[in-house]
Amino acid sequence: QAFCSFEPAPRRALSPTPAPHAANMRERSETLPPPPSPWLPLQAPASLSEAQRGLYDQVVAGAKDATGKPLKTRVDPATGGLLGPFNAMLLSPQLGRKLVG
């Protein structure tokens, strides 16, 4: 006799959900709200303090691909603000410098 017996629950048939029509999809997409803004607003280079501007220049200068060619992916082309975690680093330039290296 087994110490513990386990019987799986019986399987239930799932009822298929009809796929929405293309027209319904289009209507739903037109009523969706716009995507949320970033958590932290991008800081324009002109509004940065001296310490923040130093970190900004360090981040932009350090962004290079394998061939040494500068990358523009860390900077928003519309505002010039840093993207991703680099924007948050500007809130504490001392910590940002340590993280960038």
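Before the points, one bit of wording: the helix axes below are lines fitted to C-alpha atoms over the stretch in contact, and the angles run from 0 to 180 degrees between N-to-C directions.

1. First, the caveat: this is a predicted model. Please read everything that follows with that in mind.

2. On the overall layout, the protein chain has 4 helices and 0 strands. Going along the sequence, that gives the pattern α-α-α-α.

3. Next, burial and surface. Of the 101 residues in the protein chain, 19% are buried. The chain's accessible surface is about 8,700 Å², and carbon and sulfur atoms supply 61% of that.

4. Now to the helix pair I'd look at. Helix α2 (residues 50-62) packs with helix α4 (residues 93-100) at an angle of about 20 degrees, and their axes are 9 Å apart. Angles under 35 degrees count as roughly parallel, so α2 and α4 are roughly parallel to each other. The crossing of α2 past α4 is left-handed.

5. Which residues in α2 and α4 meet? From α2 come A51, Q52, G54, L55, Q58 and V59, and from α4 come P93, G96, R97 and V100. By type, the residues of this contact divide into 5 nonpolar, 4 polar and 1 charged.

6. Q43 deserves a click. This residue sits in the loop between α1 and α2. Is Q43 buried or exposed? Its relative accessibility is 18%, and buried means under 20%, so Q43 counts as buried. Setting aside neighbours within four places in sequence, Q43 is in contact with L48, Q52, G81, N87, L90 and L91. One of these, Q52, also belongs to the α2 side of the contact with α4.

7. Last, S49, which is in the loop between α1 (22-31) and α2 as well. With 36% relative accessibility, S49 counts as partly exposed, because that label covers values between 20% and 50%. How many residues apart along the chain are S49 and L90? They are 41 residues apart, and their C-alpha atoms are separated by 9.4 Å. L90 also turned up above, among the contacts of Q43.

Notes. Residues numbered from 1 in each chain as written. Predicted model: local features only at pLDDT ≥ 70, side-chain atom pairs only at ≥ 80, totals over all residues. Heavy atoms only, no water. Helix = DSSP H or I, 4+ residues; strand = E, 2+ residues; numbered from the N terminus. Buried < 20%, exposed > 50% of the residue type's maximum accessible area, 1.4 Å probe, protein only. Areas by Shrake-Rupley, 256 points an atom, 1.4 Å probe, with all protein chains shown as cover. Parallel < 35°, antiparallel > 145°, perpendicular 65-115°, else oblique. Left-handed = near helix turned anticlockwise from the far one by under 90°. Contact = heavy atoms within 4.5 Å. Nonpolar A, V, L, I, M, F, W, Y, C, P; charged D, E, K, R; others polar.
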